[in-house]
Amino acid sequence: MESKLNTENWIFPIYKRRKQFLLDEIEEMKKDKWIESEKASMDLGEEHYQIWIQKWAIKFRENWENKFGPVE
C-alpha cells in the first residue's frame, strides 16, 4: 500500500503539469485565432490551429518550460 501511494505522489505532479501545459497551449491557440480572425474580418476556422502549431508550438513550449519546468 505504501509503495502505491509513493508512486501516485510522484506521478501525479507530472500529469498535472502536462495537463496544465496542454490547457495553456490551447488557450494561446484560441487567443491567436481570435486576433487573426479579427484582423482578417472573418473566422479563419479550425485550419488556423494547424498554422499556429507549425509557427509557434516550439517557441510556446520553450517559454512555458522556462517558466514552469519541463512537461516531460
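**A chat about rings and burial**

Reader: Is Phe68 buried, exposed or partly exposed, and at what relative accessibility?
Author: Phe68 has a relative accessibility of 44%, and it therefore counts as partly exposed, since that class runs between the 20% under which a residue is buried and the 50% over which it is exposed. Please keep in mind throughout that this is a predicted model.

Reader: Noted. How many helices and strands are in the chain?
Author: The chain has 2 helices and 0 strands. Glu25 belongs to helix α1, which covers residues 2–40, while His48 is found in helix α2.

Reader: What share of the chain is buried?
Author: Of the 72 residues in the chain, 22% are buried. The chain exposes about 6100 Å², and carbon and sulfur atoms supply 57% of that area.

Reader: Now the rings: how many aromatic pairs are there?
Author: The count comes to 4 aromatic pairs. One of them is formed by Phe21 and Trp64, which sit edge-to-face with 5.3 Å from centre to centre and 75 degrees between their planes. This pair links distant parts of the chain, because Phe21 is in helix α1 whereas Trp64 is in helix α2 (residues 47–68), 43 residues apart.

Reader: And are Phe21 and Trp64 buried or exposed?
Author: Both Phe21 and Trp64 are buried.

Reader: Back to Phe68, then; how do the rings of Trp64 and Phe68 pair?
Author: Their ring centres are 4.8 Å apart and their planes stand at 45 degrees, so this pair is tilted.

Reader: Which residues do the ring pairs link into a cluster?
Author: The cluster is made of Phe21, Trp52, Phe60, Trp64 and Phe68.

Reader: What lies over the face of Phe21?
Author: Arg61 lies over that face, at 5.4 Å from the centre of the Phe21 ring.

Reader: Changing topic, why does Glu25 count as buried?
Author: Glu25 counts as buried because its relative accessibility is 14%, and the cut-off for that class is under 20%. Leaving aside its neighbours within four places in sequence, Glu25 is in contact with Trp52, Ala57 and Phe60. Of these, Trp52 and Phe60 also belong to the ring cluster.

Reader: How far is Glu25 from Ile53?
Author: Their C-alpha atoms are separated by 9.6 Å, although the two residues are 28 residues apart along the chain.

Reader: What about His48, buried or exposed, and what does it touch?
Author: His48 has 9% relative accessibility and so counts as buried. Not counting residues up to four places away in sequence, His48 touches Asp32, Lys33 and Glu36.

Reader: Where does Gly69 lie, and what does it touch?
Author: Gly69 lies in the segment after α2, and it is buried because its relative accessible area is 15%. With residues up to four places away in sequence not counted, Gly69 touches Arg17 and Trp64.

Reader: Last one: what share of the contacts join residues at least 24 apart?
Author: Among contacts between residues at least 6 apart in sequence, 51% join residues at least 24 apart.

Terms used: Residues are numbered from 1 along each chain as its sequence is written. This is a predicted model: local features need pLDDT of at least 70, side-chain atom pairs count only at pLDDT 80 or more; totals for chains, interfaces and linings use all residues. Side-chain values use heavy atoms; hydrogens and water are left out. Helices (H or I, at least four residues) and strands (E, at least two) are DSSP runs, numbered from the N terminus. Buried means under 20% relative accessible area, exposed over 50%, partly exposed in between (1.4 Å probe, protein chains only). Contact means heavy atoms within 4.5 Å. Rings of Phe, Tyr and Trp (its six-membered ring) pair if their centres lie within 6.5 Å; planes under 30 degrees apart count as stacked, over 60 as edge-to-face and the rest as tilted. A charge sits over a ring if NZ of Lys or CZ of Arg is within 6 Å of the ring centre and within 35 degrees of the ring normal. Accessible areas come from the Shrake-Rupley method with a 1.4 Å probe; for residues, only the protein chains shown count as cover.
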